[in-house]
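User: I'm new to reading protein models, and I'd like to learn how to read one feature at a time. Could you walk me through this one?

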Amino acid sequence: MSRANPVVILGAGPVGLLAALHARRLGRDVTVFTNQAPPAHDGRRSNDVRPHIECVPSQVIALLVEFGVAPALLGVEQLFASKCVQWAEDRPVILPAAPYAAISRPNLEAALAQLTERARIWIVPQAVSAASIEAIASDAIVFDATGRRAISAWKRWRPSRPIVARSFHFADASSAREGLALAAGPDGYVYRIANRSGICLGVVGHDHKGSWDNVRDRIAGFAPWIVSDLAANDSLMANGRSGPSSLQWAEAGASAILIGDAEFGRDAMSSQGLAIGLGAAIGAVSLALTGARPGPPADLAHQRSVHAHRILEQIAAAPFSRDHAWRQYSGFLQQAAARVA
Ligand SMILES: Cc1cc2nc3c(=O)[nH]c(=O)nc-3n(C[C@H](O)[C@H](O)[C@H](O)COP(=O)(O)OP(=O)(O)OC[C@H]3O[C@@H](n4cnc5c(N)ncnc54)[C@H](O)[C@@H]3O)c2cc1C
């Protein structure tokens with residue numbers, strides 16, 4: 001392909017927007033198709049005021065700063081160097097962790113949207129389907145950043161008994177426990193990310209149906225410490241919202257290069273889309289447009305392999321490791337780790 005080929009990005013999530021900025025820096029005309037407008041510059045969508053907080057390593061903060069995102073805007077007030085886990089043990093322990101921050105996801109998207117506007121990147125409010133990709137961009141290099149939908153993927157896997165993720169968001173800044181906490185349960189796990197603006201609690205497994213009260217009671221059965229300071233009713237829950245999503249994993253087809261969750265959504269264990277996806281997307285865009293990879297991640301295949309092995313170790317240590325769906329998922333990860341090793 002000639003160097004002048006334009007770039008089309010499908011999806012305006014954080015990974016799609018950062019990839020768009022990087023492609024623009026490399027001198028390409030860039031168009032982003034999105035089925036949902038990015039949040040406004042105050043970090044709010046009209047129907048979404050949740051304190052959606054996510055953990056990212058300090059290197060990712062550095063990457064974002066390099067692109068012009070101010071750390072204060074993301075709520076980066078401190079870096080954490082430990083996490084609290086109850087994985088194979090029967091009580092929580094504090095473990096050292098690589099430095100990470102708990103950032104506001106809506107503010108990140110808003111900051112990136114503002115930067116794309118300044119960079120004269122075309123944002124087209126139009127949903128794309130797998131069938132329409134060729135027509136949209138006959139001469140373009142296409143990156144699929146549509147998250148877990150991975151609309152251009154040729155193959156997908158879903159466990160026969162779905163593993164479902166749900167999240168709950170609390171605008172309670174008074175919590176003493178900030179940073180990341182994780183606990184394994186009988187059929188999955190629960191994680192909690194907190195900073196001074198709120199708490200994001202996620203549950204992954206089969207059996208997390210019903211109201212917040214029901215979910216909270218179930219978590220209290222195996223890890224009471226993780227929910228002890230969260231009210232038993234919905235009154236503190238920001239916007240009263242929680243989101244279910246069934247997990248799946250996908251493999252790239254020929255028409256587009258998967259980036260972000262479209263590529264890494266196979267990770268049902270730790271939702272690494274931002275932690276790994278942003279840096280990996282920069283590498284993928286550089287590789288496709290210039291044939292060179294700048295800076296870290298120096299070796300994406302190695303990174304994926306290490307990641308898959310780490311998750312396999314975690315599953316093996318957890319109480320739910322014998323569950324059929326998790327064994328199915330482990331099988332997929334083993335294949336993925338072998339493929340990239
Ligand atoms: C509760 C929760 C906590 C999390 N915590 C962490 C964490 O601590 N650390 C971490 O690294 N990650 C975390 N994640 C995962 C992280 O949010 C994702 O990995 C990240 O959002 C992936 O970004 P993305 O841009 O690849 O995809 P997405 O954010 O899913 O964006 C995809 C975009 O594509 C658009 N789109 C979809 N289909 C189409 C279509 N057909 N046409 C046009 N546009 C389309 C969507 O509207 C969306 O805007 C968490 C996720 C959740 C839900």
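User: Let's start with Arg120: is Arg120 buried or exposed?

Analyst: Arg120 counts as exposed, because it has 9 C-beta neighbours inside 10 Å. The rule is a count: a residue is buried if 20 or more other C-beta atoms lie within 10 Å of its own, exposed if 12 or fewer, and partly exposed in between, with C-beta atoms placed from the backbone. One caution before we go on: this is a predicted model, where local features need pLDDT of at least 70 and side-chain atom pairs count only at pLDDT 80 or more, while totals for chains, interfaces and linings use all residues. Residue numbers run from 1 along each chain as its sequence is written.

User: Where does Arg120 lie?

Analyst: Arg120 is in the loop between helix H3 (105-118) and strand E6 (122-124). Those labels come from DSSP runs, numbered from the N terminus: helices are H or I with at least four residues, and strands are E with at least two. Arg120 also has a positive phi of about 60°, although it isn't a glycine.

User: Which other residue has a positive phi although it is not a glycine?

Analyst: Ala150, with a phi of about 35°. Ala150 sits in the loop between strand E7 (141-144) and strand E8 (155-157). Ala150 is buried, because 29 other C-beta atoms lie within 10 Å.

User: Back to H3, then. Why is H3 said to be largely enclosed?

Analyst: Ten of its 14 residues are buried, so H3 is largely enclosed by the rest of the structure. Among the buried ones are Arg105, Leu108, Glu109 and Thr116. The cover over them includes helix H1 (14-25), strand E3 (53-57), strand E5 (93-104) and E6.

User: Now strands. How many residues of strand E11 are buried?

Analyst: Seven of the seven residues of E11 (residues 189-195) are buried, so this strand is largely enclosed by the rest of the structure. In a regular strand the side chains alternate between the two faces of the sheet. Here Tyr189, Tyr191, Ile193 and Asn195 point one way, and Val190, Arg192 and Ala194 point the other.

User: Which strands does E11 pair with?

Analyst: Strands of a sheet pair through backbone hydrogen bonds, either parallel or antiparallel. Two strands count as paired if DSSP finds at least two bridges between them. E11 is joined to strand E10 (residues 179-184) by six bridges, running antiparallel, and Ala183 stands opposite Val190. These two strands form a hairpin with four residues between them. E11 is also joined to E12 by seven bridges, again antiparallel, and a hairpin of two residues links them. In E12, Ile199 is the bridge partner of Ala194.

User: What order do the strands of the open sheet have?

Analyst: The order is E6-E2-E1-E7-E15, five strands with parallel pairing. E6 and strand E15 (257-258) stand at the edges with a single partner strand each, so one side of each is left without a neighbour in the sheet. Strand E2 (residues 30-33) pairs with E6 over three bridges, and Thr31 has Trp122 as its bridge partner in E6.

User: Last one: how many residues surround the ligand?

Analyst: There are 33, and the closest are Gly11, Gly13, Gly147, Gly260 and Gly273. A residue is near a molecule or strand if its C-beta atom, placed from the backbone, lies within 6 Å of it. H1, E3 and E12 (198-205) each supply at least two residues of this shell.

User: Why does the ligand lie between the two domains?

Analyst: Domain 1 (7-54 + 108-158 + 248-340) and domain 2 (55-107 + 159-247) both give residues to the shell, so the ligand lies between them. Those bounds come from an automatic or database domain assignment.

Note on methods. Two residues are in contact if their C-beta atoms, placed from the backbone, lie within 7 Å.
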